[in-house]
Amino acid sequence: MSDDEKSRLGEFSARLESDDIDVVRGALDDYQSAQADTRWGVDNPYWPLDNEVLFAARDLLGQPPSGYSHASALTVMWHLAEEEDADLIADALEGAPDAGVREMALAAAGTALAEGEEPNRRLLALITAMVLDEGLDVQDRKDAMRALDDLDLPEVEDLLVRVSESSELELQVYAAGCLATPLRLRVHRDRVRQLAKSWPEDAGWEAEHIRREALEGFHSTYWKDTEPDHPVLRKAHDELRFPLGDEGCLQAFATLLRSEDPVAVGIALDHYESSEGLRHVLEDEERVDAYLPEVLARAREVLRRPMSPAEVSALNMIGKRHAEPGDAELLLDVLARTDSDAVRSKAIWMAYGVLDEAEVKDERLVAALGDLIFDPSVGFYITKETAIRVLADSLGADADDVLLRALREGEPKVQAHVSYYLVRTGGLDRHRAVLEEVAESWDDRPPQHPWGRNPIELIFGKPHSVHWEGHRLADPDLYRAHKRLRAPTVDESYHQALRTLLESDDQAAVGIALDHWWSPDGAVKRGGEEAREPERALVLDHIREMLRQPPSPAELSPTYGPEAKHLTALSALDVVAAEEPSLVAEVVEAAASDHVRERALDAVAAVFGDAEEADRRLVEALGNVACDENVPLNDRLRALELLDESPGTNSVDALVRATRCPEVEVQAAAAWGLMWEEIIEDHRAMLAELSANWPVEDAPWEVTRARNTLDAAKE
C-alpha cells in the first residue's frame, strides 16, 4: 500500500471515529459513492476499512436520527450488513420517518436476512406484514417483496403466491416476476403462465419480460426459429428450457448433445455456452463443468463434418477461451468451405485463441485471415473488422506485413481500422510515412471512427483545432505547419509552424493557429504555459484585428460556419483578458457584432472578478458603450451592471455620465450603481431629481428598483 493510500485511509478512519454525526455521515456517504463506482470495474478504495465502516453505521443507527444519518447508515448496511444487524435494522424500519429511509432499511434488511443461516424472525415478520399491508403504497410493498425475494423459504414462496392473487395489477406482476425465477418456475410455471395471459397488453415492461423470457425460456442462440426433428429431441429441448430438476435437465442436455441431429447438437452447445442457458436453470450450476471435455470434443467433431449446420454454435462454444494450437487445421478447413459471414466471424474469434496460445504462429492461419480482409465477397463489420483486430491483437508487430498491405490496397473502411490497430501496436513509430500518406488521402474526413476514435487524430495528433475541425489547408506549406502543430512535442520547429500560420493571409490557418495557442489541448498540453509566450504579441494583434472584422466565410468551418473566426478570437481573449485589460476594452468598443460585444462583456466580468480596482481603460469603454445609442439596450444595461459591480470607485464618473442619457432604463440603471453607502450622499440631489422625472405608471423595473432604494435611504 502506498503512502498516499495509507494517508487517505487514515484520514477516512479519523472521520469515522469523529464525535460529530455530520462528519461520520459524510464519511459513510463517501464510502457509498465509492461503492457505487465499483459497477464500472474499479475497487472501492475504502474496502480495507469495511469493518470500521460497518461499526460506524451501527453506531449511527443506534442513535436518534439526525438529518439523513439513518439513511446514510442504512445505505452502507445494504452492502455490509451481517446477520447480527437484523434487529437493529428492524428498529430502523419500524421507526422510518419517510419513504426514503424505509426503502434503504428494506435494502439493508435483504442483505442481513440473506447472511443468516436462519432468518431473523422478527425482521421477516415485519417485512411480511409490509408486503400484505394494503394501506402502504404499491412501491413500498414492492420494496418489501424485493427484500425477501432472495430467501429460499417456503413461507416466502407462499407469500409471493398470495400476492400474485392481488387485485392490484402492479403487485401481481411483480410477485409473478419473483415466481418466474428458474427454480421457482419449476413449481409455479402454470400459475405464472395463466397470470401472464390475463394481463393487458400495456401492463408494462416487467409483464413483457415475464411473457418473453420466463415463459418462453432460453431457446438457443443461433436456432431460435428451428426445432429438432424427432419428438424425443423436442421433448428434451423443452425439459432443458423448463427443467423440473437438475437430473432431468442434465439428462435432456446430454440427449441433445449426443444426438445426430445437427440442430439438437447446436442447441445443446448454445445452452452450454450462454449465461442464460444451462447454468441459469440449474440449482447446482457447478455440475455443468463436468461436461466441458465432452462438449468441446463434440464441437470439434461438428467442425470436422463438411458444412455442418451446427458449425456456428460449435465455433462459438470453443471460441477464444477454449481454442488450442492444434485447432488450426479445423479452422482452415472451415474458412475454406464456408460462405457465411456468421461462421467466418466465429471462426476468426476462435483463431484469436489459436494464435494467442501458440508459441509459433501458424502462417497458414495468418494468411487465411489476411485473405478475408481483401475478399470482396466478405462483409466488413462482422468479418473484415474482426480479422483486422485479431491479427493486430494476437500478433502485434508481427502482423505488420498483412496490415500494411491492407493499408495500401484495402477499401477506405479497412484502411481506417488498420490504421487504428497499427497505431495501437506501436506502428506509428515503425510506419509513420505510410500511415500519414493514407491519412492525407482522406482529406480530413476519415471513412470510419474505429471504437469511436478518429484515426487521423491518432496519426497526426490532436487537436486539429477547435473551431475549424474538418477544414484542410490547401497551401502545402500551411498544411505542413498545421501537421507540425499536431505532433506531441514543442521545440523551435513548433513555434516556427505556429508563426507560419499566424503570419499567413489564410483566415482558417490563422484561426487554427489561434485555437492551438489558447486551447488547453494545444500548446499548453505540449509544453506548459511557457509554450504560449513566444507568439503572445502576435496573438494579441490577431485577436484585436479579428474581432473588428466581419465574420469568416461559412465554408471554412463545417461545424461553426461564419462564427468560427470570432469564436476563435474570443476564446483566445478569455485566456489573456486578466493580463490585457486594454485589449478587452478595445474589443468592447470596436466589436464587429453584438455577439462579439456580449462575449467581450463576459470577459470584462472575469477581469473585474480578480481585480482590486477597476482598470480605468475598461471603465471608459463600458461608459462609452452604456451611452452609445447605436448599441442595443440590453448591452448598454449590461455595461452599467458591470460598472456597478466593478471593484473600487473608478466607475463613478462613467455612471454619472450615463444618468444624462435620454433613456429612462439607462438613467435608472446608472443611478442604481451610484446608490452605495460610500457615494450616495455625493449624488443624492441629482438622484432625487431623476426619480421625480421618472414615470410612475408602467415604469421599467430598473426605475422601480432604483426609486425604492432611494426612498428607503431617505427614511
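This is a predicted model: local features need pLDDT of at least 70, side-chain atom pairs count only at pLDDT 80 or more; totals for chains, interfaces and linings use all residues.
Residues are numbered from 1 along each chain as its sequence is written. Local features need pLDDT of at least 70, side-chain atom pairs count only at pLDDT 80 or more, totals for chains, interfaces and linings use all residues, and side-chain values use heavy atoms, with hydrogens and water left out.

**Exercise 1.** Work out how helices α34 and α36 pack.

Step 1: find α34 at residues 581–590 and α36 at residues 616–626; helices here are DSSP runs (H or I, at least four residues).
Step 2: take the angle, about 10 degrees, and the 8 Å between the axes. Axes are lines fitted to C-alpha atoms over the stretch in contact, and angles run from 0 to 180 degrees between N-to-C directions.
Step 3: that angle makes α34 roughly parallel to α36 (under 35 degrees).
Step 4: look at who touches whom (heavy atoms within 4.5 Å). On the α34 side, P581, V584 and V588 are among the residues that meet α36, whose own set includes L618 and V625.

**Exercise 2.** List the buried residues of α9, then say what covers them.

Step 1: in α9 (residues 154–163), pick out V156, E157, L159, L160, V161 and V163. Buried means under 20% relative accessible area with a 1.4 Å probe, protein chains only.
Step 2: look around them; the cover includes α7, α8, α10 and α11.

**Exercise 3.** Find the helix that gives the largest share of the lining of the largest pocket.

Step 1: go through the elements giving two or more residues: α10, α11, α12, α13 and α16.
Step 2: pick α11, which supplies seven residues.

Definitions and conventions. Angles under 35 degrees count as roughly parallel, over 145 as roughly antiparallel, 65 to 115 as roughly perpendicular and the rest as oblique. Buried means under 20% relative accessible area, exposed over 50%, partly exposed in between (1.4 Å probe, protein chains only).
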